[in-house]
Amino acid sequence: MEGLRRILGRIDGKGYKAYKDIAGVYGDERLTLYVDHVQGDPFAAPSKVRCRIPRQRAALPASLFDNPVRKLALQDFLARQVRHAIRKVVKGARGTGKSGLIDVDAGGQEVLERTAVVLRPEWVEVRLEVGLPGSGRSILGLQAIEMLCCELPEVAAQGLIWRNLPHDAARHFVDCVENQEYIRGQLRQQGLVAFVADGALLPRKSGVSDLPLEADSAVLFRSPESMRVTLELLHPLPGAGVAGRRISGMGVPAGVTLIVGGGYHGKSTLLQALERAVYPHIPGDGREYVVTCRDAVKVCAEDGRRVTGVDISPFINNLPFSRGTRAFSSDRASGSTSQAASLMEALEVGASALLMDEDASATNFMVRDARMQALVHKSCEPITPFVDRVRELYAAHGVSTVLVMGGCGDYFETADTVVMMREYVPVDVTRRAREIAAEIPTQRVNEGGAPLHVSMKRIPEAGSYSAARGRRGVRIDVPMLRHIRFGATEIDLGAMDQLVDISQTRAIAHALHLLRRFMGEGQDLRQLMTRLEACFDEQGLSCLSLYGEVEQHPGNFARPRKYEIAAALNRHLTIRFQ
Ligand code: ADP
Ligand code: MG
């Protein structure tokens, strides 16, 4: 550290470029500081540093990271603690641009595998972004000493050393995440695709905030008696004692589940909770015991999206001008064709459950009622509506559907379970819906016809896309949660409701780049995704790093699911398939 102080003292007042001299490694047996990347000016992307603390000093209890789930949870927890320490310790703005900033990529309401904090047998490390202080173009060396030699070690110590951490909160966090994964592990054998605990708080503060609605204005979830299941936990719920190692709530069975009910009665809120419950949530989120199977994929209409070579023939046939639909491509797909394509793409990479909301669906994709069937003859309608496929998807392919459908009773025949939301309280109305289906026949004709094939296997063409932009090298940039700038193109992920963290989007963008290396060996998209996931499992997200070296930055990746990675690839403007 003395060496770093000396350099900073020497370059104080010089031109900003002189900061380049501090790249390197500093420290002692208590802490190692790696300055990996030094920014070019105070407005550029911040500098990247890592603080590493040896195991003996951090003294984190091994019981908190003795399996992969607990380790993931503890790393996520530590990143949050570092963020907390930054807020307490760091003075903040100190000059021009980003001068004075220290930042860590800690998560939101979901708990994800991320690269911000890395735990190894010998050490624990946090990766940070630092705005090196400057006044205009000249270095503020003394401020930099304060930041790098005082604040950073203090932040690392407060965020990573067990003695300084809130012990109960840490244990509770890790146990809670492990409980959620334990529930997820029970779903299949219980014949469920999702579980919503009694007492869960589903609504969010606002459309733009993912924080829970204040408890006094929220109706807590309560399962209908007939759908209540009790599952085992590994750790007792807080305040419940050892006897509390069980949890009750609504089991959403495999098969076809309809969520019906009046407008504004909480249907979409329930579905959104299920969408996000493919990830664990932090204690206090309200949805921490809402758990959905890992392979549940939200499917939306997305008119205007790019579609390349997708077999949408199970849903769409005989387009005008005899356009084929077995390898359908479009620069600007319609509502129905886009929804059919997204659905088939999800199945292509292994979705086992589909989540759909009438709010985000194309009406003509969902249903064609008796009157419309009478007016527009089947031979003039390319669409086989989802209502005529949804049962078959489960019966023949084992793919469940959870569907919000408040506007059309033609789905009653297709459903195994019908849940009605009434003033935010779920009611099991399955029997009544069946009676009504018998009393008031739908009169529509099933248009299912030929059996549904879900055997699409597309092989991406190597070199059909690239992150290069002209001669200016690779451009991979993620300005927003659902937008990627990739080479000369932009990828719009606006409809990816299950993409929850911008660090996942960054990882997706880099994954697209990495995938190019795997292509050209004849592997189809599903195989490529499996290979990529194996890379993540074996090497961690650092396999995405453009810097190449495993232990280096960036510390701002979070793990995405293969469904969102494939979705980004599928929306790429120049992707081609063999
Ligand atoms: P629907 O899809 O049935 O029209 P939404 O799910 O969009 O209804 O919910 C309508 C409004 O009610 C939203 O503002 C939502 O935040 C709120 N809301 C949903 N569930 C609850 C609940 N359990 N308690 C309080 N407010 C809720
Ligand atoms: Mg709704």
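Arg 305 counts as buried, with a relative accessibility of 4%, where buried means under 20% relative accessible area, exposed over 50% and partly exposed in between, calculated with a 1.4 Å probe and protein chains only. This is a predicted model, in which local features need pLDDT of at least 70 and side-chain atom pairs count only at pLDDT 80 or more, while totals for chains, interfaces and linings use all residues. Side-chain values use heavy atoms, with hydrogens and water left out.

Arg 305 sits in the loop between β16 (296–298) and β17 (307–310); strands (E, at least two residues) and helices (H or I, at least four) are DSSP runs, numbered from the N terminus. Leaving aside neighbours within four places in sequence, the contacts of Arg 305 include Asp 331, Arg 332, Glu 345, Asn 570 and Arg 571, a contact being heavy atoms within 4.5 Å. By comparison, the C-alpha atoms of Arg 305 and Gly 15, which are 290 residues apart along the chain, are separated by 47 Å.

## Magnesium site and helix α6

The magnesium ion (ligand 2) is coordinated by Ser 268 (OG) and Asp 359 (OD) at 2.1 to 2.2 Å; donors are N, O and S atoms within 2.8 Å of the metal (3.2 Å for Na, K and Ca), and since water is not among the atoms, sites may look incomplete. Because Ser 268 belongs to helix α6 (residues 267–276) and Asp 359 to the loop between β19 (353–357) and α8 (363–366), the pair ties together parts that are 91 residues apart in sequence.

Ser 268 is buried at 17% relative accessibility, whereas Asp 359 is exposed at 62%. Helix α6 is mostly covered, with 8 of its 10 residues buried, among them Lys 267, Leu 270, Leu 274 and Arg 276.

The protein chain is divided into domain 1 (2–165), domain 2 (296–439) and domain 3 (462–570), with bounds that come from an automatic or database domain assignment. The centres of domain 2 and domain 3, taken over C-alpha atoms, are separated by 29 Å, and 15 residues of domain 2 are in contact with 12 residues of domain 3.

Thr 489 is placed in strand β25 (residues 489–492) and is buried, at 12% relative accessibility. Not counting residues up to four places away in sequence, Thr 489 touches Arg 475, Ile 484, His 572, Leu 573 and Thr 574.

Terms used. Residues are numbered from 1 along each chain as its sequence is written. Chains are lettered from A and ligands numbered from 1 in the order in which they are written.
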